[in-house]
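Work through the exercises below with the structure in view. Try each task before you read its solution.

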Amino acid sequence: MDVLLDVDGPVAVVTLNRPAKLNAITPDMAAALRACLTRVDTDPGIRVAVLTGAGERSFCVGSDIRELDEYATPWEFRNRGDYGDAVRALRKPVIAAVNGYAYGGGLELAMACDIRLAAESATFAAPEIKLGWIGGSGQSALLAHAVGPTNAATMLLTGDPIDAARAQAWGLVTDVHPLEELVKAATTLAATIAKRPPIAAQSAKANLKAAYSMPLDQAIQYERDLQTVCFATADAAEGRAAFAARREPVFEGR
């Protein structure tokens, strides 16, 4: 199978499993990834996902270029099911464990995640310009938000890769780990987030996404409205009761 799903309690690990092709994504693989992500989003037992690539060389190098000529028209290509969109549509938190190349659509896939951790050997690039086109799944906007417009322009206009250390310095990734420790670090972080009340976690994610696109006054009002929704949940009542009783809260997602 080209996409693997491993569920351990509240944490799901989704693995792009085509290492011989650097985890390049075919249309069938994109459909399988969307199906896995739907399972993650609709399974109430899953609270957090980790997305990674199989093998030691590549997280994902984007779409398999040899498959792109299979689209009958540019319009058909434009309307294809986009795997970056599928990750961005997740309501639940998702962590990218970038174990190698994150190029093109793979860079977009990583940036669609809420948190990015990288292996020391990971590299990041927007190489589409070298082939005569540009990214099409939010690459420019997401890069500008993550690393600033000047650094984004450097990546977009040269197509050249940056290493994990520079990616961390620029704010593209949170932490850098030895390759053999990467997935463990990601699942440990996921387990920590999974202990938080899921309604509040999903609200925090939705609020952060909205903050990028709303004017400040609207963003603050939206945050206040989400806070009110969270405050009315059974989990929030449990949090207050546990605080008063000086015990660990048990959050059930209600």
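**Exercise 1. Describe how helix H5 packs against helix H6.**

Step 1. Locate the helices: H5 covers residues 105-112 and H6 covers residues 139-147. Helices (H or I, at least four residues) and strands (E, at least two) are DSSP runs, numbered from the N terminus. The model is predicted, so local features need pLDDT of at least 70 and side-chain atom pairs pLDDT 80 or more, while totals for chains, interfaces and linings use all residues. Residues are numbered from 1 along each chain as its sequence is written, and side-chain values use heavy atoms, without hydrogens and water.

Step 2. Take the geometry. The angle is about 55°, and the axes lie 10 Å apart. Axes are lines fitted to C-alpha atoms, for helices over the stretch in contact, and angles run from 0 to 180 degrees between N-to-C directions.

Step 3. Name the arrangement. H5 is therefore oblique to H6. The cut-offs: under 35 degrees is roughly parallel, over 145 roughly antiparallel, 65 to 115 roughly perpendicular, and the rest oblique.

Step 4. List the contact (heavy atoms within 4.5 Å). H5 brings Leu107, Glu108 and Met111; H6 brings Gln139, Leu142 and Leu143.

Step 5. Sort these residues. Four are nonpolar, one is polar and one is charged. Ala, Val, Leu, Ile, Met, Phe, Trp, Tyr, Cys and Pro count as nonpolar, Asp, Glu, Lys and Arg as charged, and the others, Gly among them, as polar.

**Exercise 2. Describe how H6 packs against helix H7.**

Step 1. H7 spans residues 149-158. Its axis and that of H6 come within 7 Å and cross at roughly 135°.

Step 2. H6 and H7 are therefore oblique to each other.

Step 3. From H6, the contact uses Gln139, Ser140, Leu143, Ala144 and Val147. From H7, it uses Pro149, Asn151, Ala152, Met155 and Leu156.

Step 4. The classes are seven nonpolar, three polar and no charged.

**Exercise 3. Which arrangement do H10 and H11 have?**

Step 1. Helix H10 is residues 198-213; helix H11 is residues 216-231.

Step 2. Their axes come within 10 Å and cross at roughly 170°. H10 is therefore roughly antiparallel to H11.

Step 3. The contact includes Ile199, Ala200 and Ser203 of H10, and Ala219, Tyr222 and Glu223 of H11.

Step 4. By class, this contact has nine nonpolar, two polar and one charged residues.
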